[in-house]
Amino acid sequence: CKQITSFGAFFKLENGIDTLTHTSEISYSRINDAAEVLSLNDVRDLKIIEINLEKLQLSTSIKALLPDPFEDIDKYSTGKIYKVRILKITQFGFFAELQKGLVCLCHSSELSHTRKNVSASNLFKVGQEVSVMIKEIDKEQKRIAISYKATTESPYEVFNKNYKVDDIVNAKIVSK
(Lines give C-alpha, C1' and ligand atoms only; values in the text may rest on other atoms or scores of the structure.)
Protein backbone atom coordinates (compact mmCIF):
# COMPACT_ATOMS: atom_id res chain seq x y z
CA CYS A 1 0.00 0.00 0.00
CA LYS A 2 1.69 3.18 -1.15
CA GLN A 3 -1.04 5.78 -0.48
CA ILE A 4 -4.33 5.98 1.42
CA THR A 5 -6.99 8.46 0.30
CA SER A 6 -10.56 9.29 1.30
CA PHE A 7 -11.83 7.10 -1.57
CA GLY A 8 -9.53 4.07 -1.30
CA ALA A 9 -5.93 2.91 -1.34
CA PHE A 10 -3.27 2.83 -4.03
CA PHE A 11 -1.04 -0.22 -4.29
CA LYS A 12 2.12 -0.69 -6.31
CA LEU A 13 2.12 -4.09 -8.00
CA GLU A 14 5.37 -6.06 -8.32
CA ASN A 15 5.63 -5.02 -12.00
CA GLY A 16 5.60 -1.32 -10.98
CA ILE A 17 2.01 -0.58 -12.05
CA ASP A 18 -0.09 1.41 -9.59
CA THR A 19 -3.65 0.29 -8.91
CA LEU A 20 -6.55 1.67 -6.92
CA THR A 21 -8.63 -0.40 -4.55
CA HIS A 22 -11.77 1.68 -3.96
CA THR A 23 -13.09 1.91 -0.39
CA SER A 24 -16.14 -0.15 -1.41
CA GLU A 25 -13.80 -2.99 -2.48
CA ILE A 26 -11.73 -3.12 0.71
CA SER A 27 -14.17 -4.77 3.11
CA TYR A 28 -17.70 -6.17 3.34
CA SER A 29 -18.09 -4.09 6.51
CA ARG A 30 -18.94 -0.46 5.95
CA ILE A 31 -15.84 1.67 6.29
CA ASN A 32 -15.57 5.44 5.96
CA ASP A 33 -11.89 5.53 5.23
CA ALA A 34 -9.36 2.96 3.99
CA ALA A 35 -7.11 3.90 6.93
CA GLU A 36 -9.57 2.09 9.21
CA VAL A 37 -8.30 -1.27 7.90
CA LEU A 38 -5.11 -0.50 5.94
CA SER A 39 -1.77 1.10 6.73
CA LEU A 40 0.97 2.45 4.48
CA ASN A 41 3.34 -0.31 3.30
CA ASP A 42 0.76 -3.06 3.95
CA VAL A 43 1.18 -5.98 1.55
CA ARG A 44 -2.12 -7.51 0.45
CA ASP A 45 -3.37 -9.97 -2.12
CA LEU A 46 -5.57 -8.15 -4.63
CA LYS A 47 -8.02 -9.49 -7.18
CA ILE A 48 -8.08 -7.65 -10.51
CA ILE A 49 -11.72 -6.73 -11.16
CA GLU A 50 -11.32 -4.38 -14.13
CA ILE A 51 -8.70 -3.55 -16.75
CA ASN A 52 -9.20 -0.31 -18.66
CA LEU A 53 -6.58 -0.04 -21.43
CA GLU A 54 -7.92 3.30 -22.68
CA LYS A 55 -7.31 4.97 -19.31
CA LEU A 56 -4.40 2.66 -18.43
CA GLN A 57 -6.06 1.74 -15.14
CA LEU A 58 -6.43 -1.43 -13.13
CA SER A 59 -9.18 -1.76 -10.52
CA THR A 60 -8.58 -4.22 -7.72
CA SER A 61 -10.45 -5.68 -4.79
CA ILE A 62 -9.54 -7.10 -1.40
CA LYS A 63 -13.06 -8.13 -0.45
CA ALA A 64 -13.48 -10.22 -3.62
CA LEU A 65 -10.95 -12.63 -2.08
CA LEU A 66 -12.96 -12.94 1.16
CA PRO A 67 -16.05 -15.05 1.83
CA ASP A 68 -19.26 -13.06 1.24
CA PRO A 69 -21.05 -12.68 4.61
CA PHE A 70 -24.37 -12.47 2.72
CA GLU A 71 -24.03 -16.21 2.07
CA ASP A 72 -25.11 -16.65 5.74
CA ILE A 73 -28.35 -14.70 5.20
CA ASP A 74 -30.54 -17.83 5.23
CA LYS A 75 -30.00 -18.19 8.97
CA TYR A 76 -31.94 -14.92 9.44
CA SER A 77 -35.69 -14.45 8.94
CA THR A 78 -37.97 -11.49 8.37
CA GLY A 79 -40.25 -10.74 11.30
CA LYS A 80 -37.72 -11.97 13.88
CA ILE A 81 -35.80 -9.85 16.39
CA TYR A 82 -31.98 -9.79 16.45
CA LYS A 83 -29.28 -7.84 18.26
CA VAL A 84 -27.19 -5.53 16.04
CA ARG A 85 -24.28 -3.18 16.64
CA ILE A 86 -24.64 0.34 15.21
CA LEU A 87 -21.82 1.17 12.79
CA LYS A 88 -22.79 4.53 11.34
CA ILE A 89 -25.49 7.12 11.99
CA THR A 90 -26.75 9.14 9.02
CA GLN A 91 -29.44 11.75 8.34
CA PHE A 92 -31.75 8.99 7.12
CA GLY A 93 -31.24 6.41 9.88
CA PHE A 94 -28.41 4.11 10.89
CA PHE A 95 -26.36 1.24 9.52
CA ALA A 96 -25.78 -1.71 11.80
CA GLU A 97 -23.95 -5.02 11.68
CA LEU A 98 -26.01 -8.19 12.07
CA GLN A 99 -22.80 -10.24 12.05
CA LYS A 100 -19.26 -9.37 10.96
CA GLY A 101 -19.56 -7.86 7.48
CA LEU A 102 -23.35 -8.29 7.22
CA VAL A 103 -24.67 -4.72 7.27
CA CYS A 104 -28.31 -3.64 7.46
CA LEU A 105 -30.14 -0.30 7.36
CA CYS A 106 -32.68 1.07 9.79
CA HIS A 107 -34.42 3.96 8.01
CA SER A 108 -35.45 6.94 10.16
CA SER A 109 -39.12 6.05 9.56
CA GLU A 110 -38.45 2.82 11.50
CA LEU A 111 -37.02 4.47 14.64
CA SER A 112 -40.06 5.62 16.64
CA HIS A 113 -43.80 5.03 16.81
CA THR A 114 -44.52 8.52 18.16
CA ARG A 115 -41.83 10.84 16.85
CA LYS A 116 -41.86 11.74 13.16
CA ASN A 117 -38.62 12.88 11.48
CA VAL A 118 -36.58 11.84 14.50
CA SER A 119 -32.81 11.84 14.04
CA ALA A 120 -31.01 8.59 14.83
CA SER A 121 -28.21 10.64 16.41
CA ASN A 122 -30.67 11.80 19.10
CA LEU A 123 -31.46 8.21 20.06
CA PHE A 124 -28.34 6.13 19.44
CA LYS A 125 -24.54 6.10 19.51
CA VAL A 126 -22.08 4.33 17.21
CA GLY A 127 -21.07 1.04 18.82
CA GLN A 128 -24.34 0.69 20.71
CA GLU A 129 -26.10 -2.68 20.60
CA VAL A 130 -29.86 -2.61 20.04
CA SER A 131 -32.60 -5.08 19.24
CA VAL A 132 -34.22 -4.76 15.81
CA MET A 133 -36.65 -6.67 13.67
CA ILE A 134 -35.73 -7.67 10.13
CA LYS A 135 -38.36 -6.16 7.85
CA GLU A 136 -36.99 -7.21 4.46
CA ILE A 137 -34.16 -9.25 2.98
CA ASP A 138 -33.34 -8.52 -0.67
CA LYS A 139 -30.99 -11.31 -1.75
CA GLU A 140 -30.55 -9.91 -5.25
CA GLN A 141 -29.45 -6.43 -4.09
CA LYS A 142 -27.84 -7.84 -0.92
CA ARG A 143 -29.78 -5.43 1.29
CA ILE A 144 -31.37 -5.92 4.68
CA ALA A 145 -33.99 -3.49 6.03
CA ILE A 146 -34.51 -3.45 9.79
CA SER A 147 -36.86 -1.71 12.21
CA TYR A 148 -36.13 -0.53 15.73
CA LYS A 149 -39.73 0.49 16.46
CA ALA A 150 -41.09 -2.92 15.45
CA THR A 151 -39.47 -4.42 18.56
CA THR A 152 -41.97 -2.60 20.79
CA GLU A 153 -45.73 -2.34 20.79
CA SER A 154 -47.09 0.89 19.35
CA PRO A 155 -48.40 3.19 22.12
CA TYR A 156 -51.27 4.04 19.76
CA GLU A 157 -52.30 0.38 19.64
CA VAL A 158 -52.04 0.11 23.44
CA PHE A 159 -54.16 3.24 23.79
CA ASN A 160 -56.70 1.89 21.30
CA LYS A 161 -57.02 -1.33 23.34
CA ASN A 162 -57.73 0.60 26.54
CA TYR A 163 -59.89 3.48 25.27
CA LYS A 164 -62.59 4.14 22.73
CA VAL A 165 -64.22 7.21 21.20
CA ASP A 166 -66.18 9.26 23.81
CA ASP A 167 -64.00 8.04 26.73
CA ILE A 168 -62.74 10.78 29.00
CA VAL A 169 -59.01 10.72 29.79
CA ASN A 170 -56.93 12.69 32.27
CA ALA A 171 -54.02 14.47 30.54
CA LYS A 172 -51.16 16.75 31.55
CA ILE A 173 -50.08 19.76 29.45
CA VAL A 174 -46.46 19.19 28.41
CA SER A 175 -46.00 21.88 25.73
CA LYS A 176 -47.55 25.24 24.83
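User: Which strand gives the most to the lining of the largest pocket?

Analyst: This is a predicted model. In it, β8 (102-107), β9 (129-138) and β10 (143-147) each supply at least two residues of the lining of the largest pocket. With six residues, the element that gives the most to this lining is β8.

User: How much space lies in the largest pocket?

Analyst: The lining of this pocket consists of 28 residues. Among them, Tyr28, Arg30, Val103, Lys142 and Arg143 lie nearest the centre. By class, the lining holds 13 nonpolar, six polar and nine charged residues. The space in the largest pocket is about 570 Å³.

User: How many residues of the lining of the second largest pocket are nonpolar?

Analyst: The second largest pocket holds about 230 Å³ of space and is lined by 14 residues. Nearest its centre lie Ile26, Ser27, Tyr28, Ser29 and Leu66. Three residues of this lining are polar and three are charged, while the number of nonpolar residues is eight.

User: How many disulfides does the structure hold?

Analyst: A disulfide is a covalent bond between the sulfur atoms of two cysteines. For Cys106, the closest cysteine sulfur is that of Cys104, at 8.4 Å, which is too far for a bond, because the sulfur atoms of a disulfide must be within 2.5 Å. In the whole structure, the number of disulfides is zero.

User: Is Cys106 buried or exposed?

Analyst: A residue counts as buried when its relative accessible area is under 20%. Cys1, at 11%, therefore counts as buried. The relative accessible area of Cys106 is 0%, so this residue is buried.

Note on methods:
Residues are numbered from 1 along each chain as its sequence is written. This is a predicted model: local features need pLDDT of at least 70, side-chain atom pairs count only at pLDDT 80 or more; totals for chains, interfaces and linings use all residues. Side-chain values use heavy atoms; hydrogens and water are left out. Buried means under 20% relative accessible area, exposed over 50%, partly exposed in between (1.4 Å probe, protein chains only). On a 1 Å grid over the protein atoms alone, a cavity is a set of points where a 1.4 Å probe fits but cannot get out, and a pocket is an open set with protein on both sides within 12 Å along at least five of seven lines; lining residues have an atom within 4 Å of a point. Grid points are joined across faces, edges and corners, and a volume is the space filled by probe spheres set on the points. Helices (H or I, at least four residues) and strands (E, at least two) are DSSP runs, numbered from the N terminus. Ala, Val, Leu, Ile, Met, Phe, Trp, Tyr, Cys and Pro count as nonpolar, Asp, Glu, Lys and Arg as charged, and the others, Gly among them, as polar.
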